[in-house]
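Reader: Can you show me the model before we talk about packing?
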Amino acid sequence: MQRVNFSAVSEFVFVGLSDAPEIRLLLFVLFLLIYLATMAGNITLLVAISTNSHLYSPMYFFLGNLSLLDLLCPTITVPKMLGALLLEHKKISFSGCLFQHFSLISVVGTEILLLAVMAYDRYVAVCHPLRYPSIMSTKLCAQLALGTWATGLLNSLLHTSLVFTLSFCGPNKIQQYYCDIPPVLALSCSSTHSRELVILVVAGVLGSSACVVTVVSYICILLEILARNSPGIWHKAFSTCGSHLAVVCLFYGTTICTYVRPSFTYSLRWDRVVSMLYGMLTPLLNPIIYSLRNKEVKCALKRVISQVRRAL
C-alpha cells in the first residue's frame, strides 16, 4: 500500500501585503469598497432576475448562476485578506487553507464551464431563434447548470487531494493573500513535478474543452451573420452576444495568466496583481457589463432600486 504523507505544518502565514500601517489602511479601505460594491452589484442582479418575470429565460437563468459564482469568489478570499490588512491576522490553519483552496478552485472551474454553456445558449439564440424555446428547455438548462457545478466540485476535489496530500514540513509562509495552487506547492517538502503535470493536464483538458465550445459557438454565430447579410444583423447579434463576449475575454485573460502555466514561471509581484484582478475586479465588472449592455436588465435593476428606495 502507498504510504500517505501527513503534513507537519499545522498553519500557514500569508505574506506579501504591505507592512506599512498607512498603506495597509489604504488597501483595506480600497478592497473593502470593491468587495461591498461587488456584493451589492451581484445581489441586486440576482434579485432583479428572480423577481422580474420578463427575465425568466435560459440566458438570465445562467446569468443568475454567474452572479452567484461572482458572490462566492471574493467571499472565499477577501474577508481573510481584509483581516490581515486591518488586524494583522495573517495565519490560517491547515484545514482552513485546504477548505479555501477547495472552494476557490470549485468556483473557478464551475465558472469556466458556465461561460461555455452560456456561449452555446447564445449560439442557439442567434442561429436557431425559432427553435430556441424547445432546444433550451427548462430541463436542459437545469441539467447544464447542475453539470457545471458538479464538474467544478469534482475537479476541485482532484486538485485539492493532489496538493494537500503532499508533505509540508518546512516553511509555511504563503507568498499570496489566499491559498492558491502555485504558492502552496512551492512550500512542499515532496517532489511536486508529477502532481504539477497532472494538475496542468486536467486543468488544460477542462479549460480547453470549455474554450473550444466557446470559440466554436462564436464561429458559428459569425458564419450565420455572414450568411444572412441582412440589415441590422450585426447590431442585433452584438446586442445579443456582446455582454457575454466581454465577460469571457475578461475571465479567460485573468484566469490563463493566473493558472495555466508551470511553477517555474511563477512571479510573486505579477501573480499578486493578476490574482487581485481575477479575484476582485472580475466579479465586480461582470454585473456592470451585463447591466450596461442589456436594456431588460437595466429596466429590472431600476425597478429593484426604486423598490429599495421606497422601502427605505
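This is a predicted model: local features need pLDDT of at least 70, side-chain atom pairs count only at pLDDT 80 or more; totals for chains, interfaces and linings use all residues.

Reader: Which residues have the most contacts inside the largest nonpolar core?
Author: Phe31, Leu66 and Met81. That core has 50 residues.

Reader: And which elements give two or more residues to this core?
Author: Helices H1 (21-51), H2 (58-86), H3 (94-127), H4 (132-135), H7 (193-228), H8 (233-259) and H9 (268-293).

Reader: What is leucine 66 in contact with, leaving aside neighbours within four places in sequence?
Author: Glu111, Leu114, Leu115, Met118, Val247, Asn286 and Tyr290.

Reader: How many residues are in the second, separate core?
Author: 19, including Val9, Phe94, Val163 and Phe168.

Reader: Switching to helix pairs. At what angle do H5 and H7 pack?
Author: About 170°, with the axes 10 Å apart. Over 145 degrees counts as roughly antiparallel, so H5 is roughly antiparallel to H7. The crossing is left-handed.

Reader: Which residues of H5 meet H7?
Author: Thr151, Asn155, Leu158, His159, Ser161, Leu162 and Val163. On the H7 side they meet Arg195, Val198, Ile199, Val202, Ala203 and Leu206. By class, that contact has eight nonpolar, four polar and one charged residues.

Reader: What about H2 and H5, parallel or antiparallel?
Author: Their axes cross at roughly 20° and come within 10 Å. H2 and H5 are therefore roughly parallel, and their crossing is right-handed.

Reader: How many polar and charged residues does the contact of H2 with H5 have?
Author: One polar and no charged, alongside eleven nonpolar.

Methods:
Residues are numbered from 1 along each chain as its sequence is written. Side-chain values use heavy atoms; hydrogens and water are left out. A nonpolar core is a set of buried Ala, Val, Leu, Ile, Met, Phe, Trp, Tyr and Cys residues joined through side-chain atoms within 4.5 Å. Buried means under 20% relative accessible area, exposed over 50%, partly exposed in between (1.4 Å probe, protein chains only). Helices (H or I, at least four residues) and strands (E, at least two) are DSSP runs, numbered from the N terminus. Contact means heavy atoms within 4.5 Å. Axes are lines fitted to C-alpha atoms, for helices over the stretch in contact, and angles run from 0 to 180 degrees between N-to-C directions. Angles under 35 degrees count as roughly parallel, over 145 as roughly antiparallel, 65 to 115 as roughly perpendicular and the rest as oblique. A crossing is left-handed if the near helix is turned anticlockwise from the far one by less than a right angle, and right-handed if clockwise. Ala, Val, Leu, Ile, Met, Phe, Trp, Tyr, Cys and Pro count as nonpolar, Asp, Glu, Lys and Arg as charged, and the others, Gly among them, as polar.
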